Amino acid sequence: DQALPVSTKGARRAGVACSGSAWHWRAYVQTGRTHQAIEACRAVIRKGTANIAGYQILLEIYLARQQPPEAEKVLAQAAAQSSTNLAFLLGVSELHAMYFRALPTRAEALKPQALATLRHVAERKPVGPNLLVKLADLYDLFGDPKTAAETYLKLIEQNPEEPLMRDLLRERLTNVYLRDREKDKAAAQLEAIIRDNPTMYPQAYNYLGMLADEKDDFVKATD
């Protein structure tokens with residue numbers, strides 16, 4: 001790639017739109033004008049607006065090019081912004097999630113940065129069950145199963161009349177407990193699923209039986 005313009009004015013002289021949308025910049029990429037997309041995104045970022053789209057497209061480009069160091073620079077720059085805008089902070093968290101899913105073997109080093117951004121989101125006290133479920137999912141992905149579990153439990157308590165959401169939350173909570181080797185807590189969630197829906201989730205019986213067998217084997221081994 002050629003050297004990037006050092007200012008927004010430079011980008012304009014190069015014939016690049018300094019405003020626009022993720023769709024607009026993706027159109028550049030899809031038509032082979034990736035360099036122009038990079039210039040446009042960087043120009044918007046330099047303007048200092050709380051526009052997550054510029055970071056998002058840059059991250060997509062560098063992940064597609066298999067350039068993890070460049071992708072990590074984008075994440076670091078986004079995380080360093082002083083914005084208190086909830087949508088922007090949540091967007092930065094979702095960019096980290098995109099990176100974690102694309103490159104799980106490189107994710108460990110970025111977990112502190114990802115969690116710090118997610119805590120900034122939590123400090124804004126977001127409301128709404130869908131947003132809080134997303135937060136819990138991200139806590140789990142970023143390596144904080146304790147906070148994820150606490151959030152799932154709180155949502156179950158707050159939404160007793162929403163059976164589909166409750167079952168989804170219990171399933172995710174079970175998975176968190178299993179990965180964290182808290183098998184008794186996992187079993188309790190499976191029992192709750194079966195109690196509320198005796199015929200809807202046959203797999204719950206299978207997993208509960210497997211946990212019971214493992215517990216029996218452990219008891220026998222310690223006798």
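Which loop holds Arg-181? In this predicted model, Arg-181 is found in the loop between helix 10 (163-179) and helix 11 (183-196). Here is a friendly tour of that loop and of several other spots worth a look. The secondary structure of the chain comes to 12 helices and 0 strands, and along the sequence it reads α-α-α-α-α-α-α-α-α-α-α-α.

**The chain as a whole**

- Of the chain's 223 residues, 39% count as buried.
- Take the contacts between residues at least 6 apart in sequence: 55% of them join residues at least 24 apart.

- Arg-181 has a phi near 60°, a positive value in a residue other than glycine.
- With a relative accessibility of 70%, Arg-181 counts as exposed, since the cut-off for exposed is over 50%.
- Gln-66 sits in the loop between helix 4 and helix 5, and its phi is positive too, about 60°, although Gln-66 is not a glycine.
- Is Gln-66 buried or exposed? Gln-66 is exposed, with a relative accessible area of 70%.

**Helix 3 against helix 4**

- Helix 3 (residues 34-46) and helix 4 (residues 52-64) have axes that come within 8 Å and cross at roughly 145°.
- This crossing of helix 3 and helix 4 is left-handed.
- From helix 3, the residues that take part are Thr-34, Ala-37, Ile-38, Cys-41, Arg-42 and Ile-45; helix 4 meets them with Gly-54, Tyr-55, Ile-57, Leu-58, Ile-61 and Tyr-62.
- Sorted by class, the residues of the contact of helix 3 with helix 4 come to 9 nonpolar, 2 polar and 1 charged.

**Cys-41, a residue of that contact**

- Cys-41 has its place in helix 3 and is buried, with a relative accessible area of 0%.
- Which residues does Cys-41 contact, leaving aside its neighbours within four places in sequence? They are Trp-25, Gly-54, Ile-57 and Leu-58.

**Helix 5 against helix 6**

- Helix 5 (residues 68-79) packs with helix 6 (residues 86-102) at an angle of about 160°, and their axes are 10 Å apart.
- The angle is over 145 degrees, so helix 5 is roughly antiparallel to helix 6.
- The crossing of helix 5 and helix 6 is left-handed.
- Helix 5 contributes Pro-68, Ala-71, Glu-72, Leu-75, Ala-78 and Ala-79 to the contact, while helix 6 brings Phe-88, Val-92, Leu-95, His-96 and Tyr-99.
- By class, the contact of helix 5 with helix 6 has 9 nonpolar, 1 polar and 1 charged residues.

**Leu-90 in helix 6**

- Leu-90 lies in helix 6 and counts as buried at 11% relative accessibility, because buried means under 20%.
- Not counting residues up to four places away in sequence, Leu-90 touches Val-121, Leu-131, Lys-134, Leu-135 and Leu-138.
- One of these, Leu-135, is 45 residues from Leu-90 along the chain, with 8.7 Å between their C-alpha atoms.

- Where is Asp-144? Asp-144 lies in the loop between helix 8 (129-141) and helix 9 (145-158).
- Asp-144 is buried, with a relative accessible area of 13%.
- The side chain of Asp-144 makes a polar contact with the side chain of Thr-147, at 2.7 Å.
- Leaving aside its neighbours within four places in sequence, Asp-144 is in contact with Leu-115, Arg-119 and Tyr-139.

- Thr-151 is found in helix 9, and at 17% relative accessibility it counts as buried.
- A polar atom of the Thr-151 side chain lies 2.8 Å from the backbone oxygen of Thr-147.
- Thr-147 is therefore a partner of both residues: its side chain pairs with Asp-144, and its backbone oxygen is within the 3.5 Å limit of a polar contact from Thr-151.
- Apart from residues up to four places away in sequence, Thr-151 touches Leu-132 and Ala-136.

Conventions
Residues are numbered from 1 along each chain as its sequence is written. This is a predicted model: local features need pLDDT of at least 70, side-chain atom pairs count only at pLDDT 80 or more; totals for chains, interfaces and linings use all residues. Side-chain values use heavy atoms; hydrogens and water are left out. Helices (H or I, at least four residues) and strands (E, at least two) are DSSP runs, numbered from the N terminus. Buried means under 20% relative accessible area, exposed over 50%, partly exposed in between (1.4 Å probe, protein chains only). A polar contact is a pair of N or O atoms within 3.5 Å; within protein, one must be able to donate a hydrogen and the other to accept it, and residues adjacent in sequence count only if both atoms are side-chain atoms. Contact means heavy atoms within 4.5 Å. Axes are lines fitted to C-alpha atoms, for helices over the stretch in contact, and angles run from 0 to 180 degrees between N-to-C directions. Angles under 35 degrees count as roughly parallel, over 145 as roughly antiparallel, 65 to 115 as roughly perpendicular and the rest as oblique. A crossing is left-handed if the near helix is turned anticlockwise from the far one by less than a right angle, and right-handed if clockwise. Ala, Val, Leu, Ile, Met, Phe, Trp, Tyr, Cys and Pro count as nonpolar, Asp, Glu, Lys and Arg as charged, and the others, Gly among them, as polar.
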